[in-house]
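Here is a short briefing on one structure. Look at the sequence and the model, then read the points below with both in view.

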Number of protein chains: 2
Amino acid sequence: MVNYTTLYQHGTLALLVPGLLDGTITMGDLLKHGDTGIGTGEGLDGELIILDGKPYQVDSTGKVIIVDDDFTLPFANAHFARYSPLAELENVDQDDLNQQMQALSRAENTFFSLKITGTFANVKTRAVAKSKRPYATLAETAKNQSIFTRDQVDGTLLSYYSPQLFNGAAVGGFHHHFLSADHQYGGHVLDFRLVKGEVTYQLFDTLEQHLPVNNEAYMTHDFSKDDIAGSIQKSE
Amino acid sequence: MVNYTTLYQHGTLALLVPGLLDGTITMGDLLKHGDTGIGTGEGLDGELIILDGKPYQVDSTGKVIIVDDDFTLPFANAHFARYSPLAELENVDQDDLNQQMQALSRAENTFFSLKITGTFANVKTRAVAKSKRPYATLAETAKNQSIFTRDQVDGTLLSYYSPQLFNGAAVGGFHHHFLSADHQYGGHVLDFRLVKGEVTYQLFDTLEQHLPVNNEAYMTHDFSKDDIAGSIQKSE
């Protein structure tokens, strides 16, 4: 029986901060937990977006490919899509949207996802270049990121909202990834302006938080000295 | 198929802080997620401990009863028991045990449970008296708590350990509940000294965090002004 009210998460945002970037789940295994999702590859290898069961990777050159089942990730979210219509929006930017959606959804204290399909006046994204062991911190690795902008583009914005209580485990607030309708452009969203789009949403009552307990680097790391909240704010 | 690597949690520690104390899961439903667990009843109605599928409640008079399936809880943990031997311990108090177990388990970055069966020189517990709507804050309600001490007692200490990252959602560190072998004494553990006991443990790779999304008081509460970490430290 497919579960539509659970958001699956592998790894935590926090483990990226000190650079625990080993791929600890395969895409094949992640897809058992959903047909929709986001993530990053081992060593922060690009930005992933899963739509209709297809896992697209935007790499640091901006190229979009579909990755294999054996592609590995340190951090990812996935769920089985069953979105409901929420609103039709015109001419909103990222801040407007975040605010309006938080109010409209009335779901600030739980996890939910938004899927927005429409025409964008512009979408600014980033994708990080894959780093190799020994991994540097998130802040260091994120310096090797490429920033892209595309004007007048049709596509899908996939967002997850997490309550502030879970900031650190997840990104408190909204976390948006984008894929253009022609599958040629996307990434982790830094900014956008929507010309016109349909907003759908899906509410979760459960976060299934899976941790990489077989990864020694993760299990032996001392997190007490990492500034998790500060690093997330800077990088996201 | 029984899942032995998932810790189920209903509600969050954080929601108790402002007094969101409605019972939002029945014991019957909780027991579908485990035969072992801890929790508190609606309005902070005593301290619950589930062992071998039986849910014991210690109320504020110290009385222990088995609750019905329709008993409701605002916050609880449950899992299906499959413990492995970890250590035999003699003459340790709560601080010693917490320290030794954190080191021995090498699992500081994931969730795990300890079950310690043995003879205790003393066990100090507390149980809160049930409060009614409109609920006061955790700090206010917890003033109506009874503290009990029992010397030379055989019994079971059931503990959950949560990584600090999840402090607020859960209690970061250890959270111990106790039930005596004769089922006449127990509660939320404040302090103890173990004379001799067998420590078993069970590691989880997944936290299944369930939230009370159908409870309006929870969904509309503004958590931004609550001092979650401070209140947990004071009350736990």
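In this predicted model, the side chains of Asp93(B) and Arg193(B) meet in a salt bridge, at 3.7 Å from N to O. That pair links distant parts of the chain: Asp93(B) sits in strand β9 (residues 84-93) of chain B and Arg193(B) in strand β13 of chain B, 100 residues apart.

- Asp93(A) forms a salt bridge with Arg193(A), and their closest N and O atoms are 3.7 Å apart.
- Asp93(A) lies in strand β9 (residues 84-93) of chain A and Arg193(A) in strand β13 (residues 186-203) of chain A, so the pair ties together parts that are 100 residues apart in sequence.
- Asp93(A) is partly exposed, at a relative accessible area of 22%.
- Arg193(A) is partly exposed, at 28%.

- Over all chains, the structure holds 14 salt bridges.
- One of them joins Glu42(A) to Arg133(A), with the closest N and O atoms 3.9 Å apart.
- Glu42(A) lies in the loop between β3 (36-40) and β4 (47-51) of chain A, and Arg133(A) in the loop between β10 (112-128) and α4 (138-141) of chain A, so this pair ties together parts that are 91 residues apart in sequence.
- The two partners fall into separate classes: Glu42(A) counts as buried at 19% relative accessibility, whereas Arg133(A) counts as exposed at 57%.
- Asp22(A) joins in as well: Asp22(A), Glu42(A) and Arg133(A) are linked in a network of salt bridges.

**Strand β10 of chain B**

- Why is strand β10 (residues 112-128) of chain B described as largely enclosed by the rest of the structure? Of its 17 residues, 12 are buried, so the strand is largely enclosed.
- β10(B) pairs with strand β11 (residues 145-162) of chain B in the antiparallel sense, over 16 bridges.
- Within that pairing, Leu114(B) has Ser159(B) as its bridge partner in β11(B).
- β10(B) also runs antiparallel to strand β13 (residues 186-203) of chain B, joined by 14 bridges.
- There, the bridge partner of Lys115(B) is Thr200(B).
- In a regular strand, side chains alternate between the two faces of the sheet.

**Where chains A and B meet**

- How many residues of chain A are in contact with chain B? The count is 27 residues of chain A, in contact with 27 residues of chain B.
- About 2200 Å² is buried between chain A and chain B, and carbon and sulfur atoms give 61% of that area.
- In chain A, Asn109(A), Leu165(A) and Met219(A) lose the most area to chain B, together 28% of what that side buries.
- Across this interface the rule finds zero salt bridges.
- Polar contacts do occur: 10 residue pairs between chain A and chain B.
- β14 (206-210) and α5 (216-220) of chain A are the elements that give two or more residues to the side touching chain B.
- β14(A) gives the most, with five residues.
- By class, that side of chain A has 14 nonpolar, nine polar and four charged residues.
- β14(A) also pairs with strand β14 (residues 206-210) of chain B, in the antiparallel sense over five bridges.
- In that pairing, His210(A) has Thr206(B) as its bridge partner.

How values were computed: Residues numbered from 1 in each chain as written. Chains lettered and ligands numbered in written order. Predicted model: local features only at pLDDT ≥ 70, side-chain atom pairs only at ≥ 80, totals over all residues. Heavy atoms only, no water. Buried < 20%, exposed > 50% of the residue type's maximum accessible area, 1.4 Å probe, protein only. Helix = DSSP H or I, 4+ residues; strand = E, 2+ residues; numbered from the N terminus. Pairing = 2+ DSSP bridges. Salt bridge = Lys/Arg side-chain N within 4 Å of Asp/Glu carboxyl O. Contact = heavy atoms within 4.5 Å. Buried area = accessible area lost by both parts, 1.4 Å probe. Polar contact = N/O pair within 3.5 Å; in protein donor to acceptor, adjacent residues only side chain to side chain. Nonpolar A, V, L, I, M, F, W, Y, C, P; charged D, E, K, R; others polar.
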